[in-house]
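Please look over the sequence and the structure shown here before reading on.

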Amino acid sequence: MALRLIKLAFTKYPVTANAVTYGSLYVTADFSQQLVTKKFLASPPQPIDTVALSRYAIFGCGVGSHMLYFWYKWLDKRYVGTATTTIVKKVLLDQFLMTPQLLVVFYLTMAVLEGREDLFEEMRNKYAKTFQSSCLFWLPVQTVNFLFVPPAARVVYVGTGSLAWANILCWIKRQPQDGEAQDAEGQQGQLQQQ
């Protein structure tokens with residue numbers, strides 16, 4: 001019964017079903033990453049950042065899922081089949097055409113939601129590392145996607161991969177930028193002197 005309802009939702013309301021699923025997976029990934037870093041690795045344990053969770057929900061449900069839904073819909077219509085050349089084209093286009101745009105939108109969306117003064121600062125500092133990590137993770141994941149996953153399930157598959165990827169992305173995003181690391185060290189040194 002539940003599987004029939006899920007299938008109906010994805011057939012009748014594909015954009016909404018993909019948005020809710022992708023957004024939920026993104027929030028779950030951020031929550032699990034926060035749980036490890038804030039509860040188990042931090043001393044003393046820190047509270048879960050629910051505001052950050054809501055930012056990931058907004059990005060996952062409202063931005064990223066829509067970009068991916070329409071991207072995969074176009075990609076599957078343009079490049080039909082599972083021939084090796086078709087798969088290679090899809091994987092390369094996805095990684096080197098869509099991913100750069102998606103990462104820009106991710107960093108800009110987060111900067112706006114965080115109320116940052118310089119919307120591009122974090123992206124300038126972290127984009128290259130994020131894109132390199134993305135290549136290592138997504139190239140094999142997307143090869144499997146285009147070889148074996150049915151088109152209707154592509155966004156959900158990518159969302160499931162995002163459980164792992166969002167943890168990587170959250171970790172990169174939470175790393176201090178050059179100026180922030182120096183500021184934190186300076187503040188810590190001042191506290192120790194007092």
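## Overall fold

This is a predicted model, and its protein chain has 194 residues, of which 37% count as buried. The secondary structure of the chain comes to seven helices and zero strands, so that reading along the sequence gives the pattern α-α-α-α-α-α-α. Along its principal axes, the C-alpha trace spans about 65 × 40 × 30 Å.

Val15 has its place in helix H2 and counts as partly exposed, at 26% relative accessibility.

## The enclosed cavity

Rolling a probe the size of a water molecule over the atoms shows where empty space is left. A search of the whole structure finds one cavity of 30 Å³ or more, and the volume of the largest cavity is about 170 Å³. Its lining is made of 18 residues, with Tyr22, Thr99, Leu102, Trp138 and Trp165 lying nearest the centre. Two or more lining residues come from each of H2, helix H3 (50–78), helix H4 (84–114), helix H5 (121–148) and helix H6 (154–174).

Among these elements, H4 gives the most to the lining of the largest cavity, with six residues.

## The largest pocket

The largest pocket holds about 190 Å³ of space. Its lining consists of Phe10, Pro14, Asn18, Tyr69, Tyr72, Lys73, Asp76, Pro151, Ala152, Arg154 and Val155, and the elements that give two or more residues to this lining are H2, H3 and H6. The largest share, four residues, comes from H3. The lining of the largest pocket divides into seven nonpolar residues, one polar and three charged.

## Salt bridges

Side chains of opposite charge can pair when their charged atoms come close. The structure holds 10 salt bridges, one of which joins Asp30 to Arg174, with the closest N and O atoms 3.2 Å apart. This pair links distant parts of the chain, since Asp30 lies in helix H2 and Arg174 in helix H6, 144 residues apart. Asp30 counts as buried because its relative accessibility is 0%, whereas Arg174, at 32%, counts as partly exposed.

A further salt bridge is formed by Glu114 and Lys173, whose closest N and O atoms are 2.8 Å apart, and this pair also links distant parts of the chain, with Glu114 in helix H4 and Lys173 in helix H6, 59 residues apart. Glu114 is partly exposed, with a relative accessible area of 27%, while Lys173 counts as buried at 9% relative accessibility. Arg116 forms a salt bridge with Glu122, where the closest N and O atoms are 3.7 Å apart; Arg116 counts as partly exposed at 25% relative accessibility, and Glu122 is buried, with a relative accessible area of 3%. Through salt bridges that share partners, Arg55, Glu114, Arg116, Glu122, Lys126 and Lys173 are joined into one network.

## A nonpolar patch on the surface

Phe31, Leu35, Val36, Phe40 and Leu41 form a nonpolar patch on the surface, and together they have about 500 Å² of accessible area. Phe31 lies in helix H2 (residues 14–40) and is partly exposed, with a relative accessible area of 37%.

Conventions:
Residues are numbered from 1 along each chain as its sequence is written. This is a predicted model: local features need pLDDT of at least 70, side-chain atom pairs count only at pLDDT 80 or more; totals for chains, interfaces and linings use all residues. Side-chain values use heavy atoms; hydrogens and water are left out. Patches are made of residues with over 30% relative accessible area and no salt bridge: like charges are joined within 9 Å, nonpolar side chains (Val, Leu, Ile, Met, Phe, Trp, Tyr) within 5 Å. Accessible areas come from the Shrake-Rupley method with a 1.4 Å probe; for residues, only the protein chains shown count as cover. A salt bridge is a side-chain nitrogen of Lys or Arg within 4 Å of a carboxyl oxygen of Asp or Glu. Buried means under 20% relative accessible area, exposed over 50%, partly exposed in between (1.4 Å probe, protein chains only). On a 1 Å grid over the protein atoms alone, a cavity is a set of points where a 1.4 Å probe fits but cannot get out, and a pocket is an open set with protein on both sides within 12 Å along at least five of seven lines; lining residues have an atom within 4 Å of a point. Grid points are joined across faces, edges and corners, and a volume is the space filled by probe spheres set on the points. Ala, Val, Leu, Ile, Met, Phe, Trp, Tyr, Cys and Pro count as nonpolar, Asp, Glu, Lys and Arg as charged, and the others, Gly among them, as polar.
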